[in-house]
Amino acid sequence: MRYPKNYDIIVIGGGHAGIEASLINARLGLSTLLLTISLDSIGQMSCNPAIGGLAKGHLVKEVDILGGEMARNIDQTGLQFKILNRSKGPAVWSSRAQADMTAYRLRMKYTLENQKNLDTKQEMVDEILTEENRIVGVKTNLGNEYFSKAVVITTGTFMKGKIFIGLNTYSAGRAWEPPSERLSDSLKSLGLKIARLKTGTTPRLDARTIDFDSLMLQPGDDDPIPFSFRTKELRRPNMPCYLTYTNEKTHEIILKNLDQSPLYSGIVESMGPRYCPSIEDKVVKFFEKTQHQIFLEPEDEKSTEIYADGLHTSMSYEVQLNFLRSIKGLEKVEIMRPGYAIEYDFVDPTQLKHTLETKKIKGLFLAGQINGTSGYEEAAAQGIVAGINAAFYLLKKEPFVLRRDDAYTGVLIDDLVTKGTKEPYRMFTSRAEYRLILREDNTHLRLAEKSFKAGLLNKDEYEMIQEQKIKIEETIKSLKKTFIFPNEQTNKKLKELGSEIIKTKTDLAKLLRRTEMNYDKLREIVPDLEELDKFIKQEIEIDIKYEGYLNLQKQQIEKFKKYENMRIPEDFDYTRVGGLSNEVRGKLMEIRPTSIGQAMRISGVTPAAVSILMVYLKKYDGKTDSTS
């Protein structure tokens, strides 16, 4: 039937990307429909029971300041919270939380079902409906047609998904859940290029059969920090994880049974995640290593299921059981669910704009693993950007684009649409050129204004963040203007605090730059200094201690902006540019960069080609600024 209610936006898929896209659309006042294969699987964690991690914590906090739900949800359902890389510099600090998978899923389901302007329905979408390369709606496997002006597709691993356990294969989008068999054919018919990727997960173990006493305890932080800037206090349990290792016997079992691995028997041909390889890949490719670490993580506060992080595998059930029982602490372990690999269709992301709208079909947006990424956090970040832009497309507002100097989300999207991917893309701090500016701790400070202007952040929240920024800036100015003198009392106190004495008049900011000094120690020297909030003190210390590096990155960003502001018209005719090789011209015509900056990042586009392009643009348009 033709459904009697028309929607502004339809979101396909109830995973982490679909959740953020549908919620932000509804929160912006647009009539939104979320269609998913299973309403019971909304917010399901298909793989690891955790949110955040290296660079991923940045993405979660960026989703939060843009009006998303992931940070708030994990703050309410986490089992353990931890800041990774605390021993290193603040550019690479990253929040990570173990999740109660059941509580996380149920709270997300409740949030969606109680969101104004949002309907959720359980149906499988088979076809995208268009007229003159413009979205008009979708058709489901029941033959129902739902009409809308925009569609966001967030199908995860479900498009023609195929699961592998040893030499056994079956069609599924996730273990024991049906795949979407027709949607990718519909996208192909619309002219989109489709390819295959692979990912996988680990066996789930029965905690009652694990000898935890023989393993290394891995507790969370005693004073945990929330993900969301809105969360004032975390009142969650601090459940431990445990560390163990594979050994030579484990590796011997795996190597002897590679014929039982679909990766090495030739059944799976698509590319898997390089940075999260299966245990059989680790053993083969890093043959010289005698052990690999395995983290045993709780999946649910009230369940005995344990996730074996580091043991991704698609080997046969028998081989999985045998190599598991060779590991310390797992000698009598029982498998509750076997590990598996999954192969699925994805869309080449170079066919997308930075808004995540497809270049071929107006009003069609893609987010998450359909774009070739891995990870809940990468999916959520794309989901909220696609959702915002789908809404702005209908509201006829300026596109919402995050650049590489704005956010990790900007780096993620620019990498995808500019370079594409041949393996599941994962975010790392090393991918961000300006990571000292784009720190996790300052996420809400640097993105508040952009979020507020876009209508994603309410006035009270914005003003609260502005007050924090002002307090930080004013305190830093004050510290630079406040001096101490090299008298007996001051130098005695400095020695007590483990710091060198001073010999000349010294401002407090210079003193704070010392490695061993912090704001609280300054207050011991100058008691009149104001007592400040813990977060404010941290930001002051970072800004002062890293001032030189921060200024250098700001200069680099200004140079970056210069090239980003050299705009290239959307319909620019590259065939008229002489001096370009056929390869370079072909890549420019395929990607259609929006700026000289983006053109410079396309693989194979040489500096010489960029120079030719800049000269031609200047002659052709008379200018290369943001209005060209």
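These notebook entries record what I looked up on cavities and helix packing in a predicted model.

**Entry 1. Conventions.** I number residues from 1 along each chain as its sequence is written, and for side-chain values I use heavy atoms, leaving out hydrogens and water. Since the model is predicted, local features need pLDDT of at least 70 and side-chain atom pairs count only at pLDDT 80 or more, while totals for chains, interfaces and linings use all residues.

**Entry 2. Cavities.** I took a cavity as a set of points, on a 1 Å grid over the protein atoms alone, where a 1.4 Å probe fits but cannot get out; lining residues have an atom within 4 Å of a point. Grid points are joined across faces, edges and corners, and a volume is the space filled by probe spheres set on the points. I found two cavities of 30 Å³ or more.

The largest cavity holds about 40 Å³. I list its lining as Phe81, Lys82, Ile83, Ser95, Arg96, Asp221, Pro224, Ile225 and Phe227. Strands (DSSP runs of E, at least two residues) and helices (H or I, at least four) are numbered from the N terminus. At least two lining residues come from each of β4 (78-84) and β5 (94-99); β4 gives the largest share, three residues. I sorted residues by class: Ala, Val, Leu, Ile, Met, Phe, Trp, Tyr, Cys and Pro are nonpolar, Asp, Glu, Lys and Arg are charged, and the others, Gly among them, are polar. This lining then has five nonpolar, one polar and three charged residues.

The second largest cavity holds about 30 Å³. Its lining consists of His354, Val385, Val401, Leu402 and Ile413, that is, four nonpolar, one polar and no charged residues.

**Entry 3. α11 and α12.** Axes are lines fitted to C-alpha atoms, for helices over the stretch in contact, and angles run from 0 to 180 degrees between N-to-C directions. I find that the axes of α11 (residues 443-453) and α12 (residues 459-481) come within 10 Å and cross at roughly 140 degrees. The pair is therefore oblique, as angles under 35 degrees count as roughly parallel, over 145 as roughly antiparallel, 65 to 115 as roughly perpendicular and the rest as oblique. The crossing of α11 and α12 is left-handed; this term applies if the near helix is turned anticlockwise from the far one by less than a right angle, and right-handed if clockwise. Contact (heavy atoms within 4.5 Å) involves His444, Leu445, Ala448, Glu449 and Phe452 of α11 with Lys459, Tyr462, Ile465, Gln468, Lys469 and Ile472 of α12. I class these as six nonpolar, two polar and three charged residues.

**Entry 4. α2 and α11.** The axes of α2 (residues 56-65) and α11 come within 9 Å and cross at roughly 35 degrees, and the crossing is right-handed. I note Lys61, Glu62 and Ile65 of α2 in contact with Thr443, His444, Arg446, Leu447, Ala448 and Ser451 of α11. The residues of this contact divide into three nonpolar, three polar and three charged.

**Entry 5. α12 and α16.** I find α12 packed with α16 (residues 534-545) at about 50 degrees, the axes 10 Å apart, which means that α12 is oblique to α16. Their crossing is right-handed. Among the contact residues are Ile472 and Ile476 of α12 and Phe535 and Ile540 of α16. By class, the contact has seven nonpolar, two polar and three charged residues.

Key:
On a 1 Å grid over the protein atoms alone, a cavity is a set of points where a 1.4 Å probe fits but cannot get out, and a pocket is an open set with protein on both sides within 12 Å along at least five of seven lines; lining residues have an atom within 4 Å of a point.
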